Structures are given as structure tokens and as C-alpha cells.
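Here is a friendly walk through one protein model. Please keep the sequence and the 3D view open as you read.

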Amino acid sequence: LATPPSPEGLGTVPEHERILQEIESTDTACVGPTLRSVYDDQPNAHKKFMEKLDACIRNHDKEIEKMCNFHHQGFVDAITELLKVRTDAEKLKVQVTDTNRRFQDAGKEVIIQTEDIIRCRIQQRNITTVVEKLQLCLPVLEMYSKLKEQMTAKRYYSALKTMEQLENVYFPRVSQYRFCQLMIENLPKLREDIKEISMSDLKDFLESIRKHSDKIGETAMKQILTVQDLVDFSPVYRCLHIYSVLGDEETFENYYRKQRKKQARLVLQPQSNMHETVDGYRRYFTQIVGFFVVEDHILHVTQGLVTRAYTDELWNMALSKIIAVLRAHSSYCTDPDLVLELKNLIVIFADTLQGYGFPVNRLFDLLFEIRDQYNETLLKKWAGVFRDIFEEDNYSPIPIVNEEEYKAVISKFPFQDPDFEKQSFPKKFPMSQSVPHIYIQVKEFIYASLKFSESLHRSSTEIDDMLRKSTNLLLTRTLSSCLLNLIRKPHIGLTELVQIIINTTHLEQACKYLEDFITNITNISQETVHTTRLYGLSTFKDARHAAEGEIYTKLNQKIDEFVQLADYDWTMSEPDGRASGYLMDLINFLRSIFQVFTHLPGKVAQTACMSACQHLSTSLMQMLLDSELKQISMGAVQQFNLDVIQCELFASSEPVPGFQGDTLQLAFIDLRQLLDLFMVWDWSTYLADYGQPASKYLRVNPNTALTLLEKMKDTSKKNNIFAQFRKNDRDKQKLIETVVKQLRSLVNGMSQHT
């Protein structure tokens, strides 16, 4: 039973029913606003709505229960019927399955036979179609197979022709098939393969001729076989033909030229030690010859692969490199034999390439540079030869005891002296053993220099000029330098220097025979206007002058050695009565050495003698005026005067003939006048006549006299302590002081005047 509504809720019941109806009938999305209205109404509206909602739910549950009770029996009956039908359905299913199995088993044979028939008919149709298509494709396949065989057999030109037939005739017939498309796509690759293979053959050919270019060049330089007898050029012809067919001839030409230029640079690159042996130069030349012989052959047997302009450009490039290499490496050669062999190789190299049409004038110009290098190496070699000859010489005249020995010397050196020939054996040649040896070696040098001029395609006049110029260098530079070095060596004494002067005189006289020797070799008369003369005269004259100067120097040094042995007692009261021992030894030495000088030219001996006397006089004067010598006694002056007298006697004895009058004695005139002045104490005359041309003591310098007088004054003071008690001594002392004052005035006057 429903609860009667309260009085305050009577107005709200219809509203709650409306809300419930909306909730049941509207979409769930709109339930929110509807429910919100429940809370927006009067107080306790929510409670009342919930009560109403519970009542509504209970009503619906009752209705559901009523409906279920009404239909329950029908549902039970339906289930019962279905359970009855299930058994029959299972039986029917078994029957249908069995029937289907029996039908399947019965139709298998029919299906198999039917499929076999269908398969056979399809096969027959396919076979017919295949036969038709194969008849269309077989020629294509046969041609393609032929193409493969040609590729395998390396018949590349025929393969290219087969490709053309396939593309133009056969492929259009079967172009719809995939295998044909594959073949069509493969042809460009085959063409590239042919190009690569032919290029590979070309590379092998280029590598082969690069490796064997030295053998090719060696054979070409020896002129035995032609290059086609040594090299198979078929790879070049074949590759050129293939690229021509492919329309890519320009690519091949560019590649060939580019590769050959690279090979040319490799061929032209020398080994670092090439200059050490002739084999290094030979390999270098043969490789270059082999390279250009091949290029010359290619030029003449192919059409346009290489051109004359190309080979000329390549040769000019190579020639510049060759010249630079030879110029650099030949400068390291110090062996003249190696330089000579290099020259012979260059001549053969130039002649070979000239035979193939390549210009080689620059190579022959280079040979003239190398000739100078060759001469330099010869000069260095002969410098050693000359040094050895000078070291082995004994610097003594050559002794001979019979005619056989005389002829042996004459055969080596052109010595002519009628007076010497008349002398009886035994006798001595004036020159020493080095003279004929030097003469022989100069001739050997001329022969060696001549070897380089051979095969240079030069005239006899040019060869004659070259020989004379190189010989002049040998004489003026090498031999002259060796002589000067010899003259300046410390162990060369005066005797050796004298012999050297004699030797140079005979070598100078032999120069005309050397000129005749060159004339006989070249057949060029010396009267020819442009013939170069040998400079032996100046060479040996300079050596003689150096030897003479060295004689003067060594002679003066020897005099100094004797003078250093002087041991004067400068305070002695009385002289010894005889000359000093050192001076007599010196004079004896000078007499003996001047005896050796008799073989020298007269002026040399006279100059040496005069120089020795002048040097001795100067040395003695310096001894008197030495600043370290503080005191000189009259006894020391008298002793010194005895020594000077011996010097004057030596000068007057004519140690070297040729002096006129008392010329040699004049070397001691300064000493003589100075000593006379002190010996006779003639100061009044000296002071009165000083400055007059006819003065008795014209050569006495006031300064020199003052210096010596002051040293004597000091000695007089020291030795005469009691001189003031003796009238004579006092007078002498006053005289000395007076003279000293006058000399000082004279010296001061000279200084002011100056």
C-alpha cells in the first residue's frame, strides 16, 4: 500500500514523476541537467525524489517478475523440444557425412583422368607454341652463342660485327621476350668488356715495351734488327681497330698519348747513382732510344694514332730533360775515363736518334760542355800525376854512363846541346829526372784530350784549337800551380830551388816540340792565322820568378839563422883581433851556395848575391841599433868593424861573376861610413860636411849616429868613474856631450824641416 503524501509534499510529486519519466525516456547524456533540477528545488526535495525513485524501481521489478512467470512454461517446453531434435540432427549429420564420402571416393578417378586430359592438352598447346617461338629465337641464340665464342677466342673485331647483326636483324624479331631484353642490356657491357680487354692488352703492351725499352734501344743503337722484329705491335693495331669500330678512336688516341707521356717521364727519370758507373748511363740511354724507336714505328704504321707534331713535342720535352740530367750528373764525375765513356754513349745515342729523324744538335752542344768537364777531370788527374813526379824527383842532374842511357833520355825528352853531345861519358844532363817525366805526361794528356774530340763531327782546325786550349790550361793552371806549391814547400831547399829553375828553363824550351806534336796529330800548320800558341813561356817564367823569389827569401832566412848565433861582448875593452866565428861560418856558407848558383842564369845568381849582401848589411846595422842594446864600448865597435871588413872582403872576392867594379861592396857602404866615423872620431868633418853631395860620410844618418853615440856615452860614464880626475878623459867626455848636442840639434832641425 502507498503511503499518503504529506501536506508539504503534495506539490512536488508530479514534478518527481516528470523527472523520472525524463530519466527513463531521454539519452544518458542529458541525465545530468535533469538530475541537477532535483537539487535546485525545495528543501528535502532530494529525499523525496529518492523515495519516489525507490517506489518506481519496486514497481518495475514487480512487472519483470510477472512477465517472467508468464513466459516460463513456454521456455521450458522449447528446451524440451530442442533436446528431442538434437538426437535426430546427429543421425542426419552422420548420414550426410557418409554420403559425401561415398561421392568423393566415386569421383576421384574421374577427376584424375579429367586433370590428365587437361594437362596433356595444355602441354600439347605449349609445345606447339614453344616450337614456334624456338624456331624464331634459335637464330638469335645461335648468334649470341657465336658472340660468346668470339669473345672467348678474343676475336673482338668479329664479336663487334656479330653485335651489329644482333641489334639490327635478330633482336627486333624477339624483342618481346625477357631474354632478348637481357641480351640487349648486356651488349653495352660486352662492348665495354671488349674495350677494357683491348685496353688491357694495350696496357700490357705498353708495360712490356717500357720494361724492354732498354733492350730495344740497345739493339737499335747497335743496328742489328728493326723494331718490328723485336716487338709484337698487334695489341696496338687491334685496340686501335676496335676503338675505331666503336666510334671512340679519339679516346684511344688520347689514352695512348697520355700513357706514353707518363712512360716518357719515367724513362727520363734517372737513378740517383747513375753517374757512378757507365752501365747507369747506358741503361738510361737505351731506355730512351727504345721509347722513341717504338714511337717512330707507331708514327709510320698507324694513321693518326701519333703525329709528327706529337713526337716532336715529346722529343723536345725529353731532350730538355736529358740535357738537364746529363748536365747535373756529369758534374759529379771525377773519373775522366767515365766521362769519356759517357761521351761515346752520347755520340751513339745522338747518331741513333738522328737516324730516326730526331734533331740532336743540342746534344752535340752539350758535348762541348761535357768536354770542358772532361778537361777538368783530366786536369785534376794530371795534377796528381805531376805531384807524384815532383815528390819522386831527387832534384839532381840526370847522370848517364853510356850511349844507351843517353838515348833512353833523349827518346823521352827533346834535349839538344851540341857541346853536351861532345862531352865524354860519364856525364850529367843539366835537368833532373822530373823533366822528361813531365814532358811525357803532357803528351799523354794531349792524347787523352784528343780522345774526346773523336766522333764529334768537328773539323781538324776545331780539334787542333781544342787540343791547344786544353794543353794551355794544363800548362798555365795545373802544372803552374803544382810548381808553385812545390816551390813553397818547407822541405825544398836552395839546391832544390836552383834545380827547379833549371828544369823550368828546359821545359820552356820543349814547348815548341809540343806544338809540333799537336801539329802532327791534327795536320794543321802552325802558320794558320787562328792557330793558338802554347803559353809555356809565361807559365815557366812565372814559376822561375817564384823560385827566384823563394831563393832570395830562403837565403835571407839562412843569413838570419847565422846572425842569431852572434854573441858580442858589447862592453869589451879590446877586440879579439879576428872576425867572429858566426860570421866566418856565414861567409863560408855563402861561398858554397853561390858555387851552386853557377848553373843559374847570370842575373839570377847576381841578384841573389846582391840580395844576400844587402840583407846581411841591414841585419848587422839593426844589431847595432837594437833598442835593447843600451851600451856599446869602443872595443866592441872595433870588433864589429873586423866583421864588416870580412864582409867587404867577401864582396870584393867576386863570389858570383858578372858584377862591375865595386858594385857588390856598396851593399856595406852604410856600415862602412858609420864605422869609419866612429873609428877615426872625425865628427868635425861629419858635422861640417853634412848635407853636401861630396860629403865623406854622406850615407851616415844623423839619427843613426846619435843613437850609437848615446850608447857609447853611457858606457864611457860607467867605465870611467874617475874620469873627472883625468884631463884626457874629461876632454873626451865633453867632446861626446858636445857632439851629442849638435847631433840632436841636427836631428831636430831635420824633423822641423820635414
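You will find L83 in helix α3, residues 45-152. Helices here are DSSP runs of H or I with at least four residues, strands are runs of E with at least two, and both are numbered from the N terminus.

Together with F75, V76, I79 and L82, L83 makes a nonpolar surface patch of about 480 Å². Patch residues have over 30% relative accessible area and no salt bridge; like charges are joined within 9 Å, and nonpolar side chains (Val, Leu, Ile, Met, Phe, Trp, Tyr) within 5 Å.

## About the model

This is a predicted model, in which local features need pLDDT of at least 70 and side-chain atom pairs count only at pLDDT 80 or more, while totals for chains, interfaces and linings use all residues. Residues are numbered from 1 along each chain as its sequence is written, and side-chain values use heavy atoms, leaving out hydrogens and water.

## The overall picture

The protein has 26 helices and 2 strands. Of its 754 residues, 41% are buried. The accessible surface comes to about 42800 Å², and carbon and sulfur atoms hold 52% of that; these areas come from the Shrake-Rupley method with a 1.4 Å probe, and for residues only the protein chains shown count as cover.

Among contacts (heavy atoms within 4.5 Å) with a separation of 6 or more, 78% are between residues 24 or more positions apart.

## Salt bridges

How many salt bridges does the structure hold? There are 20, each being a side-chain nitrogen of Lys or Arg within 4 Å of a carboxyl oxygen of Asp or Glu. One of them joins the side chains of E295 and R260, at 2.6 Å from N to O. Since E295 lies in helix α9 (residues 278-301) and R260 in helix α8 (residues 249-268), the pair ties together parts that are 35 residues apart in sequence. Both partners are buried.

R699 and D670 also pair, with their closest N and O atoms 3.1 Å apart. This pair links distant parts of the chain, 29 residues apart: R699 sits in the loop between α24 (683-689) and α25 (702-719), and D670 in helix α23 (residues 669-680). R699 is partly exposed at 45% relative accessibility, and D670 is partly exposed at 27%. Within helix α9, R282 and D279 meet in a salt bridge of 2.7 Å, N to O; they are 3 residues apart, or about one helical turn. R282 is partly exposed at 35%, and D279 is partly exposed at 41%. Elsewhere, D98, R101, R102 and D105 are linked in a network of salt bridges.

Is N503 buried or exposed? N503 is buried, with a relative accessible area of 4%. Its place is in helix α17, residues 494-509. Leaving aside residues up to four places away in sequence, N503 touches D393, M431, S432, S434 and V435.

Helix α15 (residues 434-453) has 20 residues and reaches 29 Å from first to last C-alpha, close to the expected 28 Å; the expected span is 1.5 Å times one less than the number of residues. S455 follows α15 and has a positive phi, near 65°.

Note on methods
Buried means under 20% relative accessible area, exposed over 50%, partly exposed in between (1.4 Å probe, protein chains only).
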